[in-house]
Amino acid sequence: MLPWRRLLRPLAVLVLTAAALVAPTGAAQAASAPSSGWNNWSCKPSAAHPRPVVLVHGTFGNSVDNWLGLAPYLVHRGYCVYSLDYGQLPGVPFFHGLGPVDKSAEQLDVFVDKVLAATGSAETDIIGHSQGGMMPRYYLKFLGGAEKVNALVGLAPDNHGTTLLGFTKLLPYFPGAEHLISTATPGLADQIAGSAFLQKLNADGDTVPGVKYTVIATQYDQVVTPYRSGFLDGANVKNVVLQDLCALDFSEHVAIGLTDRIAWHEALNALDPAQAERTTCASVFD
């Protein structure tokens with residue numbers, strides 16, 4: 001018979017997943033919530049939630065698949081929610097976030113302006129997953145985004161790059177491999193720890209004044225490695241480890257963005273800190 005400790009992790013995953021599937025989706029707020037889902041360009045922010053939320057997908061993601069859980073979660077709580085596709089490569093459908101990250105930030109710039117014009121809002125909030133939590137920092141720092149963004153929430157962002165569990169350290173031993181990655185998928189090359197892009201992004205500090213930053217990381221991240229490399233340094237930063245909120249949450253890099261209602265609850269707190277409620281394992285039922 002297996003020791004109970006070996007059974008704890010799969011049992012916890014099963015319980016939390018089941019809870020996420022049957023948890024309420026905010027029907028109690030339906031009277032004040034937008035009725036047409038996200039990317040509803042007629043949505044007008046309420047007094048309770050005056051800023052629209054822009055969702056930024058991760059590498060290999062897109063504006064729909066990455067947000068099938070979180071977007072409705074926010075809409076049903078009364079937010080106007082929008083998502084974009086960025087970093088497309090010619091001839092590559094569905095899988096985006098592969099183009100140069102600085103060019104992707106330019107696409108975000110255009111999209112945020114479109115959202116603000118449609119909603120009549122002065123500012124937006126941004127929630128991004130993986131690259132989507134890191135790329136907006138270029139927009140904030142170099143493209144004037146700080147004047148248009150109140151808060152940036154990153155779900156497992158690769159703010160200081162990743163070694164992909166040491167894989168990238170092997171590149172020098174394979175002549176031409178790094179050049180191939182840079183040529184075929186520049187967005188991936190930009191995310192390698194120590195890349196020229198990341199050196200520029202993180203020079204002179206991780207943050208810019210006027211924007212609130214929240215990083216929600218998971219210690220089981222197998223993509224952003226080490227997981228604490230996603231953390232930011234600055235007076236306007238809150239760094240959170242998911243397992244400090246719920247020790248039974250074993251979400252890894254993908255799940256924290258796609259299915260994890262505990263991470264989403266903490267992101268919700270970052271959007272509206274005045275109404276924040278403590279995030280625990282029970283938040284999966286909220």
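Start by selecting C43, which is buried, with a relative accessible area of 7%. The model on the screen is a predicted one.

**First stop: C43 and its partner**

Which residue forms a disulfide with C43? Select C80 as well: the two form a disulfide, and their sulfur atoms are 1.9 Å apart. C43 sits in the loop between α1 (4-22) and β1 (53-56), while C80 sits in the loop between α2 (70-75) and β2 (81-84). The two cysteines are 37 residues apart, and the pair links distant parts of the chain. C80 is buried too, because its relative accessible area is 1% and the cut-off for buried is under 20%. Now look along the S-S bond. The torsion about the bond between C43 and C80 is about -80 degrees, so this disulfide is left-handed.

**Second stop: the other disulfide**

The structure holds 2 disulfides. For the other, select C246 and C281, which are joined with a distance of 2.0 Å from S to S. Is this disulfide left-handed or right-handed? The torsion about the S-S bond of C246 and C281 is about 100 degrees, so the disulfide is right-handed. C246 lies in the loop between α8 (242-245) and α9 (255-258), and C281 lies in the segment after α10 (261-271). The pair therefore ties together parts that are 35 residues apart in sequence.

Check how much of each cysteine can be reached. C246 has a relative accessibility of 1% and counts as buried. C281 is partly exposed, with a relative accessible area of 26%. With bonded cysteines counted along the chain, the disulfides follow the pattern 1-2, 3-4.

Select E266, which lies in helix α10. Is E266 buried or exposed? Its relative accessibility is 5%, so E266 counts as buried. Show the residues around E266. Apart from its neighbours within four places in sequence, E266 is in contact with I216, K238, V240, L245 and T279. Then draw a distance from E266 to E277: their C-alpha atoms are separated by 8.5 Å, and the two residues are 11 apart along the chain.

Select residues 101-119, which make up helix α3 and number 19. From the first C-alpha to the last, α3 reaches 27 Å, close to the 27 Å expected at 1.5 Å a residue.

Go back to α3 and colour its buried residues: V101, S104, A105, L108, D109, F111, V112, V115, L116, A118 and T119. Why can residues three or four places apart point the same way in an α-helix? There are 3.6 residues a turn, so such residues face the same way. Which elements do the buried residues of α3 pack against? They pack against strands β1, β2 and β3 (124-129), and against helices α4 (131-142), α6 (186-190) and α7 (196-202).

Pick out D109, which is found in α3. At 18% relative accessibility, D109 counts as buried, because the limit is under 20%. Leaving aside neighbours within four places in sequence, D109 is in contact with Y139, L143 and K148.

For α3 and α4, the axes come within 8 Å and cross at roughly 80 degrees. That makes α3 roughly perpendicular to α4.

Show the side chains at this contact. From α3, select V101, D102, S104, A105, L108, D109 and V112; from α4, select Q131, M134, M135, P136, Y138 and Y139, which they meet. How many residues of each class does the contact have? There are 9 nonpolar, 2 polar and 2 charged residues.

Select D190, which is found in helix α6. D190 is buried, with a relative accessible area of 16%. D190 and V101 are 89 residues apart along the chain, and their C-alpha atoms are separated by 6.7 Å. Beyond its neighbours within four places in sequence, D190 is in contact with P100, V101, S195, F197 and L198.

**Last stop: the whole chain**

Clear the selection and view everything. The secondary structure comes to 10 helices and 6 strands. Of the 286 residues in the chain, 53% are buried. Among the contacts with a separation of 6 or more, 76% are between residues 24 or more positions apart.

Key
Residues numbered from 1 in each chain as written. Predicted model: local features only at pLDDT ≥ 70, side-chain atom pairs only at ≥ 80, totals over all residues. Heavy atoms only, no water. Disulfide = S-S within 2.5 Å. Helix = DSSP H or I, 4+ residues; strand = E, 2+ residues; numbered from the N terminus. Buried < 20%, exposed > 50% of the residue type's maximum accessible area, 1.4 Å probe, protein only. Expected span 1.5 Å × (residues − 1). Contact = heavy atoms within 4.5 Å. Axes fitted to C-alpha atoms, helices over the stretch in contact; angles between N-to-C directions. Parallel < 35°, antiparallel > 145°, perpendicular 65-115°, else oblique. Nonpolar A, V, L, I, M, F, W, Y, C, P; charged D, E, K, R; others polar.
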